[in-house]
Amino acid sequence: IDNSRAAAAVRRLSGRWGPAKVLFDPAVAKEALDLEEFFSRLESAVTSYGGPEGWAAAFGGHDTVRRDVTRILVYGGRLLSEANSRPYLWERIGHSTLTDAVPPAGDAKRWGIHIGNALFHYGVSFLSGELGAMDLTASWTGEIDAAVQALAGDLTAQDPAIGVIALGKWGGGELAPDADLDLMFVAPPCDYAALARAQQRAVNWMLKIDPGGRLQLDARLRPEGSGAPMVSTLPRIRDYLAGRADPWEKIALVRARAVAGNMEIAREAVEVLQQFTTQPPTTEKQWAALHRARKRAAKETSKGSRLLNIKKGRGGMMDFEFATTFAAWSLKLPPGPEWSRPLPERMRIIANASGDERWQKAAVFYSELRRWELSNIIAGGRKAAEMANDGGEGETTAKRIGMTPETVQEKWNDTAAVALDLYHSFARIVHE
């Protein structure tokens with residue numbers, strides 16, 4: 001940035017320095033900055049770099065600016081309605097179309113910029129109501145898949161080639177912006193020396209493909225956990241699942257999906273994982289352990305009565321996920337790609353297979369919780385899926401999703417009732 005006016009615009013828009021935190025604070029924005037003055041400054045900042053075409057070139061390397069402009073534009077919905085009446089402004093900030101050319105395979109820096117632009121594009125499209133919550137997570141998952149596949153060359157360049165399996169929300173096609181990418185590496189049967197080389201390549205690859213903090217890779221969810229070798233072989237996976245795996249891992253690993261590297265070995269490993277995850281617990285002790293794991297997650301994330309934990313709190317997204325797996329077990333759904341689809345799609349599959357209309361309602365409620373979560377992440381800067389439900393923060397949070405604190409609480413109560421009803425309907429409850 002080579003002129004003082006541009007530098008000042010970056011400082012104002014970033015919200016990271018001095019009085020800018022007050023200038024663009026949602027609680028005081030109305031008093032601190034006239035609405036027309038806000039648009040004037042934003043437009044000046046953009047046109048300083050040459051209009052619409054200059055946006056990506058000027059801000060492509062400034063991740064904080066792109067993220068904070070997204071947040072500035074939604075101020076709990078107040079500016080959003082005004083901005084929607086000004087199409088030229090949306091065109092100027094470059095969100096209407098994502099025009100980046102696909103970067104070359106192996107170019108981590110270019111992929112980092114591309115992913116940043118995609119995040120801004122999808123984030124603003126979601127916050128402006130042009131993109132639904134599940135559409136956002138599907139689009140973002142697709143961008144990350146493409147990036148990881150393009151940067152996976154080091155994993156297949158030598159023998160043994162390594163397969164990459166996506167787990168968690170990434171595996172299920174529901175990746176939220178800024179979420180960790182849960183993954184595991186798998187190799188075919190090989191001797192110790194070859195496996196040692198594969199593990200070193202996997203570690204080097206994780207460090208190399210993290211451009212600008214965009215790809216936060218996390219291998220701790222792999223079978224045997226963080227104390228296990230970074231790369232597992234098929235025989236080791238089979239041995240672990242057959243005798244040492246905990247019951248809760250049936251839930252944790254159910255969304256496994258082959259995503260990059262040696263796809264043949266990755267798909268074979270997914271088949272092995274699904275043979276484990278698609279079979280229900282067989283003893284009361286196993287069911288009891290599974291329920292304890294769920295209760296422990298809810299207890300560990302409790303932050304007090306004024307926060308709704310819409311992800312791990314009882315009646316939240318985690319209960320929907322457990323209940324959906326319980327129902328699939330009950331229906332004896334066979335292994336297949338259906339297990340790694342987004343949760344609302346899995347719910348509709350269960351609804352069609354069972355004739356139980358509660359699952360259609362569950363798909364709607366779960367998608368609404370994802371909307372709340374994504375609004376919190378993109379507009380509010382919270383990573384945790386927690387929402388204040390009283391006080392000034394509660395008002396701001398509710399306004400951001402077009403509701404009042406009272407209607408948020410009512411909706412949450414209705415949603416939690418459905419989630420818990422399904423959980424208890426399909427769980428094998430064990431009285432200890």
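Biologist: Which helix holds threonine 397?

Modeller: Threonine 397 sits in α21, residues 391-400. Helices here are DSSP runs of H or I with at least four residues, strands are E runs of at least two, and both are numbered from the N terminus. Bear in mind that this is a predicted model, where local features need pLDDT of at least 70, side-chain atom pairs count only at pLDDT 80 or more, and totals for chains, interfaces and linings use all residues. Residues are numbered from 1 along each chain as its sequence is written, and side-chain values use heavy atoms, with hydrogens and water left out.

Biologist: Why is threonine 397 called buried?

Modeller: Buried means under 20% relative accessible area, exposed means over 50%, and partly exposed is in between (1.4 Å probe, protein chains only). Threonine 397 has 6%, so it's buried.

Biologist: What does threonine 397 touch, leaving aside neighbours within four places in sequence?

Modeller: Asn376, Met387 and Ala388 are in contact with threonine 397 once those neighbours are set aside. Contact means heavy atoms within 4.5 Å.

Biologist: And what makes lysine 332 exposed?

Modeller: Its relative accessibility is 70%, so lysine 332 counts as exposed. Lysine 332 lies in the loop between α18 (317-330) and α19 (343-354), and its phi is positive, near 60 degrees, though it isn't a glycine.

Biologist: Glutamate 224 also has a positive phi without being a glycine. Is glutamate 224 buried, partly exposed or exposed, and why?

Modeller: At 25% relative accessible area, glutamate 224 falls in the middle class, so it's partly exposed. Its phi is about 80 degrees, and it's in the loop between β3 (217-218) and β4 (231-233).

Biologist: How do you know which peptide bond at proline 160 is cis?

Modeller: Look at omega: from aspartate 159 to proline 160 it's near 5 degrees, and that bond is cis. Proline 160 is in the loop between α11 (153-156) and β1 (163-166).

Biologist: What makes a set of residues a nonpolar core?

Modeller: The members are buried Ala, Val, Leu, Ile, Met, Phe, Trp, Tyr and Cys residues, joined through side-chain atoms within 4.5 Å. The largest one has 45 residues, and Ile144, Trp170, Phe185 and Trp205 touch the most other members. Helix α9 gives the most, eight residues.

Biologist: Which residues does phenylalanine 185 contact beyond four places in sequence?

Modeller: Among them are Leu155, Val164, Trp205 and Met230. Apart from that core lies another, of 43 residues, including Met347 and Leu369.
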